[in-house]
Amino acid sequence: MKSKSSDSSPLIAVLMGSASDAENLEPAREVLTEFGVRFEFKVLSAHRTPDHTLRYAEEAEGRGIEVIIAAAGGAAHLAGVVAAKTTLPVIGLPIKTKALNGLDSLLSIVQMPAGVPVATVAIDGAANAALLALQILSIKYPEIKAKLGNYRQELQNKVLQAKV
Ligand code: RP5
C-alpha cells in the first residue's frame, strides 16, 4: 500500500453516520484538541453512502490514519463495515437514540463476528473513545503517553480534592 501521509495528515479519523451525531461527538473533539493530535471529522454512512464508506476505509491507512473512531446510532453498522475493510484499530461509539436509548446502537456495534473486532465504548462515550484512540497511539508516540500520564494525574487530583 502506498503511503501519502505527511506531517500534516490526521492520525485519528472520527467518523459519524449522520451530521445529526455531531453534537454527541463534541467531547471527543474537545479531548483530541486538548491533546493536540491531528484528527479529522467526517460524515459517512454504512447505509446511505456505502461505496464512499468502503473506499474511505480502504484508503485510510495509506493517508496516514492510525486509529478510526466510528460513531453511529440505531442500526449502527458503520464501525463494523469500516473494520471489515481495514486492519487499523476501529473504536465503535454507540450514539444514544430516541427510540431505544442507544441500546440498539450498542448491540449493533459490539456484537462483531470473530475475526473482525471493534473496540466498543459506552453509549455516548465520546470522550473515552478519544482517550482510547490516544492510548493506542501512545504505544508509538511518547509525547502522547506523557500527556495521558498528566491527564490521569489530574483526574486523580480532582477526586482526592473533592469537597463533599
Ligand atoms: C445513523 O442513524 C446515524 O449514525 C444516526 O445516529 C442515525 C439517525 O440519522 P439521521 O436520520 O438523523 O440522519 O445512521
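In this predicted model, N101 sits in the loop between β4 (90–95) and α4 (103–110). The phi of N101 is near 60°, which is a positive value in a residue other than glycine. Most residues other than glycine have a negative phi. A further case is found at D124. Its place is the loop between β5 (119–120) and α5. Phi of D124 is near 60°, again positive in a residue that is not glycine.

Helix α1 spans residues 26–35, and its axis comes within 7 Å of that of α5. The two axes cross at roughly 35°. The crossing of α1 and α5 is right-handed. On the α1 side, the residues in contact are P27, A28, V31, L32 and F35. They meet A126, A127, A130, L131 and L134 of α5. By class, this contact of α1 with α5 has ten nonpolar residues, no polar residues and no charged residues.

From α5, the contact takes in L131, L134, Q135, L137 and S138. From α6, it takes in I144, K145, L148, Y151 and R152. The contact of α5 with α6 has six nonpolar, two polar and two charged residues. Residues L131 and L134 of α5 take part in the contact with α1 and also in the contact with α6.

The largest pocket has a volume of about 240 Å³. It is lined by 15 residues. Closest to the pocket centre are G17, S18, H47, R48 and G73. By class, the lining of the largest pocket has eight polar, five nonpolar and two charged residues.

Conventions
Residues are numbered from 1 along each chain as its sequence is written. This is a predicted model: local features need pLDDT of at least 70, side-chain atom pairs count only at pLDDT 80 or more; totals for chains, interfaces and linings use all residues. Side-chain values use heavy atoms; hydrogens and water are left out. On a 1 Å grid over the protein atoms alone, a cavity is a set of points where a 1.4 Å probe fits but cannot get out, and a pocket is an open set with protein on both sides within 12 Å along at least five of seven lines; lining residues have an atom within 4 Å of a point. Grid points are joined across faces, edges and corners, and a volume is the space filled by probe spheres set on the points. Ala, Val, Leu, Ile, Met, Phe, Trp, Tyr, Cys and Pro count as nonpolar, Asp, Glu, Lys and Arg as charged, and the others, Gly among them, as polar. Contact means heavy atoms within 4.5 Å. Helices (H or I, at least four residues) and strands (E, at least two) are DSSP runs, numbered from the N terminus. Axes are lines fitted to C-alpha atoms, for helices over the stretch in contact, and angles run from 0 to 180 degrees between N-to-C directions. A crossing is left-handed if the near helix is turned anticlockwise from the far one by less than a right angle, and right-handed if clockwise.
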